[in-house]
Amino acid sequence: QCDIHSAAPNNGMVYGEKWGGILVQNGQSMVIDPEGKKWLVGEHEPVKVDVSQWNEYTIIARGNHLVHKINGKITSELTDYDDKKRALSGLLAIQLHRGNPNSVHIKDLRLKVLDVTEPSTFDPAKLPAGAVKIEKPRTKSPQGTGPVVPPTKK
């Protein structure tokens, strides 16, 4: 899922509905290893756009590699080696969330079918030297609003 969102980190991110939630935010490149662990392998300034204006969103899904772009600039990139949880096919859909009144206008929607590409295989030696393993925050709240703080002794 490639989000259209007014917050720059979420605009053009990779979101996995029933597949891990936020996987890669705008400005990040991520690898998911065969055990399902996330590795941040690159960062750049998030692509900023005015979502009230016309923008071109591009999603390239080839094998286990996803690239999202806005106006030709890469927002997020994911290579998923977790063959137990990843999806190699999906839906093309336009989604609006319930809540505040909003609308999305689409023009020139195009779908290009790419040649079938086998998923690449994981080689831990190819992770960049600065790759950082991302751990899920340990929180009481599923939204991850802060660390679990043990009660203080009185």
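A contact means heavy atoms within 4.5 Å. By that rule, residues 24 or more positions apart account for 48% of the contacts in the protein with a separation of 6 or more.

Before you start, note that this is a predicted model, in which local features need pLDDT of at least 70, side-chain atom pairs count only at pLDDT 80 or more, and totals for chains, interfaces and linings use all residues. Residues are numbered from 1 along each chain as its sequence is written, and side-chain values use heavy atoms, with hydrogens and water left out.

**Stop 1: the whole chain**

Show the cartoon. Helices (H or I, at least four residues) and strands (E, at least two) are DSSP runs, numbered from the N terminus. Along the sequence the pattern reads β-β-β-β-β-β-β-β. Of the 154 residues, 25% are buried. Buried means under 20% relative accessible area, exposed means over 50%, and partly exposed lies in between (1.4 Å probe, protein chains only).

**Stop 2: the sheet**

Look for an open sheet of six strands, in the order E5-E6-E7-E3-E4-E8, with mixed pairing. Two strands pair if DSSP finds at least two bridges between them. E5 and strand E8 (132–134) stand at the edges with a single partner strand each, so one side of each has no neighbour in the sheet. From one strand to the next, the twist averages 20°. Axes for such angles are lines fitted to C-alpha atoms, for helices over the stretch in contact, and the angles run from 0 to 180 degrees between N-to-C directions.

Now step through the pairs.

- Select E6 and E7. They run antiparallel, joined by six bridges. Val67 stands opposite Glu77 in E7.
- Select E3 and strand E7 (residues 73–80). These run parallel, with five bridges. Met30 faces Leu78 in E7 as its opposite residue.
- Select strand E4 (residues 38–43) and E8. Three bridges join this antiparallel pair. Lys38 stands opposite Ile134 in E8.

**Stop 3: the core**

Select Val14, Leu23, Val24, Met30, Ile32, Leu40, Leu66 and Leu78. These eight residues make up the largest nonpolar core. Strand E2 (21–24) and strand E3 (28–32) each supply at least two residues of this core. A nonpolar core is a set of buried Ala, Val, Leu, Ile, Met, Phe, Trp, Tyr and Cys residues joined through side-chain atoms within 4.5 Å.

Stay on Leu78. Leaving out residues up to four places away in sequence, Leu78 touches Val14, Trp19, Leu23, Val24, Met30, Ile32, Asn64, His65 and Leu66.

**Stop 4: Asn64**

Move to Asn64, in the loop between strand E5 (57–62) and strand E6 (65–70). Asn64 is buried, with a relative accessible area of 6%. Beyond four places in sequence, its contacts include Asp80, Tyr81, Arg86, Pro119 and Ser120.

**Stop 5: two loop residues**

Select Asn71, in the loop between E6 and E7. The hairpin of E6 and E7 has two residues between the strands. Asn71 is not a glycine, yet has a positive phi of about 50°. Asn71 is partly exposed, at 39% relative accessible area.

Next, select Asp108, in the loop between E7 and E8. Asp108 also is not a glycine and has a positive phi, of about 55°. Asp108 counts as exposed, at 57% relative accessibility.

**Stop 6: a charge over a ring**

Finish at Trp54. Lys107 lies over its face, 4.8 Å from the ring centre. A charge sits over a ring if NZ of Lys or CZ of Arg is within 6 Å of the ring centre and within 35 degrees of the ring normal.
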